[in-house]
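This briefing covers one chain, grouped by topic. Please look over the sequence and the model before reading on.

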Amino acid sequence: MGDSGLIYMLAFTTFALVVLVLIWQRMRVERAKETGERSTFTDHHGGPPRPQQGIDPR
């Protein structure tokens with residue numbers, strides 16, 4: 001395999017890993033939304049969500 005083949009393989013592998021990480025993170029967000037679970041950071045450093053003000057709820 002020449003240099004160009006290795007470059008294409010590295011590019012494809014990198015792209016595949018990025019897509020897998022994006023899918024994994026999206027699944028985590030979806031699961032957290034279903035359970036209503038808040039992040040650890042929010043639990044330790046945040047209060048209840050602020051009410052939406054100045055937004056027309058139409």
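**Side chains and surface of the chain**

At 45% relative accessibility, I23 counts as partly exposed, a class that lies between buried (under 20% relative accessible area) and exposed (over 50%), with a 1.4 Å probe and protein chains only. The model is predicted, so local features need pLDDT of at least 70 and side-chain atom pairs count only at pLDDT 80 or more, while totals for chains, interfaces and linings use all residues. Residues are numbered from 1 along each chain as its sequence is written, and side-chain values use heavy atoms, with hydrogens and water left out.

**Fold and surface**
- The chain has two helices and zero strands; these are DSSP runs numbered from the N terminus, with helices (H or I) of at least four residues and strands (E) of at least two.
- I23 lies in helix α1.
- Of the 58 residues, 0% count as buried.

**Charged side chains**
- One salt bridge is found in the whole structure, defined as a side-chain nitrogen of Lys or Arg within 4 Å of a carboxyl oxygen of Asp or Glu.
- This contact joins E30 and R26 at 3.0 Å, N to O.
- E30 and R26 are four residues apart in helix α1 (residues 3-35), and are therefore separated by about one helical turn.
- E30 is partly exposed at 32% relative accessibility, and R26 is partly exposed at 45%.
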